[in-house]
Each structure stands twice: as C-alpha cells, then as structure tokens.
Amino acid sequence: MKNKSSIPFIRVSVIFTIVFIITELLFKKTAEPAFIENPSVALFLVSVLASLITFEAIKTADRALGKSKAELKALEEKSNDEAIGTRWQQLVQKLTKTKPITQEADILLDHNYDGIKELDNSLPPWWLYSFYISIVFAVLYLGYYLILGGETQTDEYNEQMEIARLEVEKYKRENPSTFDAGNITASDDTTLGKKLFKANCAACHMADGGGGIGPNLTDEYWILGGGIKNIYNTIAEGGRDGKGMIAWKNSLSPEKIQQLASYIISLENTTPKKPKEKEGEIWKGE
C-alpha cells in the first residue's frame with residue numbers, strides 16, 4: 001500500500017514538472033533553458049514551487065488538526081458521507097468545504113436578522129489557496145522588478161530590436177545580392193528589368209525610353225545624374241521634389257530596382273521613335 005506521507009511530495013513534483021515543461025515550450029528561444037535565458041521565467045517557476053509547497057503544508061496542517069475531530073466524529077462523518085450520496089456531491093463538498101445540513105448547528109452564529117440566520121462557513125480551499133499564491137507571486141514580482149531592477153518590457157523590446165539590427169547587417173554581409181545605393185552594380189541580364197520597365201515606367205517614359213511626361217532615357221543627358229548608382233537612387237528615392245516621379249522603394253524590392261536600373265542603362269544610345277528633347281546635363285561616367 002502506498003505511503004500517504006509521500007503523496008504530497010509526488011503531487012508537488014508532478015504539478016511542478018508539468019508547469020516547467022509548459023513554460024519551457026512557451027518561452028524557450030535558444031539552446032539554453034528558458035529559466036536561465038529569462039530571469040522572469042525563473043521567478044515564475046520559483047513562485048509556483050513555493051505556492052505548491054505552501055499549499056501542501058497548509059493542507060497537511062489542516063489534516064493534522066482535524067484528525068482528532070475526525071476520530072471523535074467517525075460515526076457522524078460516516079452518516080454524513082452516506083447522506084452526501086454521490087461522488088459529485090463529495091467533490092463539491094471538498095472544493096467548497098461546506099458543512100452538511102446535519103452539522104449546520106455547529107457553525108450557526110448568534111445573529112438573527114428578521115428571522116434570517118448566518119452560518120460561519122469556511123472560505124473555499126480553492127479560493128483561499130489561490131489568494132495565498134497571489135500574495136507569494138506579488139511579493140516575488142515586486143521584489144524582482146522594483147528592488148532587483150528586473151528587465152522590463154521596454155528593455156526586452158530594445159534588446160530584440162538590437163538583435164534584429166545585427167541580424168540584418170549579418171544578412172547583408174552574407175548576401176551581396178542585397179542591394180543599396182552603396183554597393184549597386186549593373187546586371188548584364190535585363191530580362192526582368194525590361195518587364196518591370198514596361199509595367200511601371202513606360203506610361204511616363206514611353207516603352208522605348210524616348211520620354212513623355214518623364215525625360216528621355218536613351219541619350220547622355222541626365223537631370224539627377226546617370227550611372228547605375230544615381231539611377232538606382234533616383235528610382236528608389238524618387239525624382240525632384242514637387243515635379244519628379246514617386247519613390248519606388250516602397251513598391252519594389254532592392255533587387256527589382258537594381259534590375260530596372262540595369263535595363264535603363266542598356267537603353268542608352270538606342271533610337272526611340274519620338275525622342276524627347278534633351279534635359280539636364282551630360283553624364284561623363286562614375
């Protein structure tokens with residue numbers, strides 16, 4: 001037969017293990033355990049363990065104090081159990097710790113309000129232990145954040161933003177094809193750039209690049225500078241304020257802008273059907 005004294009230990013171990021596993025699954029982000037990686041998780045686990053131990057200690061004390069009474073009222077308790085009837089009623093009685101009707105005389109107070117009498121029922125154990133747990137957690141929580149200076153949500157946000165910034169920089173270093181105005185180079189394959197030009201630029205510059213609302217892209221004159229870097233920057237950031245084209249960096253990826261700029265470079269010295277008059281200055285190279 002299992003030793004009853006070991007039941008609280010087993011119960012605490014099982015419940016804490018379940019909470020620990022769930023916490024690890026929810027909060028683990030790296031190879032390290034979540035309670036090491038995040039001090040707030042460790043604080044939570046400690047509070048849970050302390051609450052479970054407190055719960056079992058109180059329960060054991062209640063059992064010890066009530067043992068003598070239980071022995072003296074064995075026959076009465078037996079009749080009460082028979083009166084309860086069903087297991088469901090027994091469960092409700094344990095959760096609420098209410099007295100059976102046959103014992104209400106023992107907890108009847110001397111108050112009498114127009115014939116209404118009051119029973120001195122104990123607080124439900126589930127409510128009482130939840131209250132104890134909330135007190136323990138509140139003390140640990142306030143101690144960690146107000147006294148020990150624990151990491152706040154703002155600190156976590158700033159930390160994650162810094163991690164993201166470093167990851168972006170690492171990605172750019174490891175992927176040279178991630179373009180910006182500083183490392184852009186022209187591509188020899190202009191197939192994608194031609195499709196993008198027809199879809200997005202032909203309305204203003206004509207399909208052959210001869211110019212319409214926008215300037216002629218086939219001559220050597222440029223308003224904001226020629227060359228792959230200037231053209232890339234113009235497409236990404238937009239033309240002149242108030243009368244230039246929009247910035248395409250929010251609509252096209254850097255890779256697509258690079259392809260588009262490469263195709264525009266390839267239009268130089270071609271012969272459009274109706275070329276627009278020269279605008280800007282002659283571009284002499286990078």
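This is a predicted model: local features need pLDDT of at least 70, side-chain atom pairs count only at pLDDT 80 or more; totals for chains, interfaces and linings use all residues.
The expected span of a helix is 1.5 Å times one less than its number of residues. Helices (H or I, at least four residues) and strands (E, at least two) are DSSP runs, numbered from the N terminus.

Local features need pLDDT of at least 70, side-chain atom pairs count only at pLDDT 80 or more, totals for chains, interfaces and linings use all residues, and side-chain values use heavy atoms, with hydrogens and water left out.

**Overall make-up**

- The protein has 11 helices and four strands.
- Buried residues make up 22% of its 286 residues. Buried means under 20% relative accessible area, exposed over 50%, and partly exposed in between (1.4 Å probe, protein chains only).
- Take the contacts between residues at least 6 apart in sequence: 61% of them join residues at least 24 apart. Contact means heavy atoms within 4.5 Å.

- A search of the whole structure finds eight aromatic pairs. Rings of Phe, Tyr and Trp (its six-membered ring) pair if their centres lie within 6.5 Å; planes under 30 degrees apart count as stacked, over 60 as edge-to-face and the rest as tilted.
- Y129 and Y132 sit three residues apart in helix α6 (residues 125–147), so about one helical turn separates them.
- Y129 is buried at 9% relative accessibility, whereas Y132 is partly exposed at 30%.
- The ring centres of Y141 and Y145 are 4.7 Å apart with planes at 50°, so this pair is tilted.
- Y141 and Y145 are also both in α6, four residues apart, about one turn of the helix.
- Both partners are partly exposed: Y141 has a relative accessible area of 40%, and Y145 has 24%.
- An α-helix has 3.6 residues a turn, so residues three or four places apart point the same way.
- W127, Y129, F131 and Y132 form one aromatic cluster.
- The buried residues of α6 are P125, Y129, G143 and Y144.
- Just after α6, G149 has a positive phi of about 70°.

- Strands β1 (residues 108–113) and β2 (residues 116–119) run antiparallel and are joined by three bridges. Two strands pair if DSSP finds at least two bridges between them.
- N112 is opposite K117 in β2, and Y113 is opposite I116.
- Two residues lie between the strands of this hairpin, where D114 takes a positive phi near 50°.

- The largest nonpolar core has 19 residues. Such a core is a set of buried Ala, Val, Leu, Ile, Met, Phe, Trp, Tyr and Cys residues joined through side-chain atoms within 4.5 Å.
- F197, I235, L260 and I264 have the most contacts inside this core.
- α8 (191–200), α10 (227–237) and α11 (254–266) each supply at least two residues of the core.
- Neighbours within four places in sequence aside, I235 is in contact with M245, I246, A247, W248, K249, I257, L260, A261 and I264.
- α11 has 13 residues and reaches 19 Å from its first C-alpha to its last, close to the 18 Å expected.
- Its buried residues are I257, Q258, Q259, L260, A261, S262, Y263 and I264.
- α8, β3 and α10 are among the elements that cover the buried residues of α11.

**T218 in its loop**

- T218 lies in the loop between α9 (202–205) and β3 (221–222).
- At 5% relative accessibility, T218 is buried.
- Its side chain makes a polar contact of 2.7 Å with the side chain of N216. A polar contact is a pair of N or O atoms within 3.5 Å; within protein, one must be able to donate a hydrogen and the other to accept it, and residues adjacent in sequence count only if both atoms are side-chain atoms.
- Beyond four places in sequence, T218 is in contact with D208, G209, G210, L267, E268, N269, T270 and P272.

Methods. Residues are numbered from 1 along each chain as its sequence is written.
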